[in-house]
Amino acid sequence: MILNIMNLIIDISNQPVLILKKGKKIIDKHSWPGLYKLDETLLIEIDKFLKKNKVGLKDIKEIKLNEANVATK
């Protein structure tokens, strides 16, 4: 388990991207296709991403959302 506080950034300005940061340093990134199925995939992808990096929710200090004009179908 990582003891340092991390930030999770969810960027949906284009293709969905998860970014894990410690301070200003990017620890890892993960993207997947499926902006229009985001409601079906986001929680699953966050869970896999955090497990891969051995990060628990208690290690996340802040969650930020970056979004642009997202069209919906």
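Two residues are in contact when heavy atoms of theirs lie within 4.5 Å. The views below are taken from a predicted model.

**View 1. Leucine 8 and its contacts.** Apart from neighbours within four places in sequence, leucine 8 is in contact with Leu18, Ile19, Ile46, Phe49, Ile60, Glu62, Ile63 and Lys64. Leu8 is also among the residues with the most contacts inside the largest nonpolar core, together with Leu18, Leu20, Ile46 and Ile60.

**View 2. The largest nonpolar core.** This core has 13 residues. The element that gives the most is α1, with 4 residues.

**View 3. The open sheet.** The sheet has 4 strands in the order β3-β2-β1-β4, and their pairing is mixed. At the edges are β3 (25–31) and β4, each of which pairs on one side only. On average, neighbouring strands are turned by 20 degrees against each other, direction ignored.

**View 4. Strands β2 and β3.** Strand β2 (residues 17–22) runs antiparallel to β3, and 6 bridges join the two. Lysine 21 has isoleucine 26, in β3, as its bridge partner.

**View 5. Helix α1 over the strands.** The helix lies across β1 (6–11), β2, β3 and β4. Its direction is at about 35 degrees to β2.

**View 6. Asparagine 53 in its loop.** Asparagine 53 is found in the loop between α1 (38–52) and β4 (60–66). Its relative accessibility is 15%, so asparagine 53 counts as buried, the cut-off being under 20%. The side chain of asparagine 53 is joined to that of aspartate 28 by a polar contact of 3.1 Å.

How values were computed: Residues numbered from 1 in each chain as written. Predicted model: local features only at pLDDT ≥ 70, side-chain atom pairs only at ≥ 80, totals over all residues. Heavy atoms only, no water. Buried < 20%, exposed > 50% of the residue type's maximum accessible area, 1.4 Å probe, protein only. Polar contact = N/O pair within 3.5 Å; in protein donor to acceptor, adjacent residues only side chain to side chain. Pairing = 2+ DSSP bridges. Axes fitted to C-alpha atoms, helices over the stretch in contact; angles between N-to-C directions. Core = buried A, V, L, I, M, F, W, Y, C linked by side-chain atoms within 4.5 Å.
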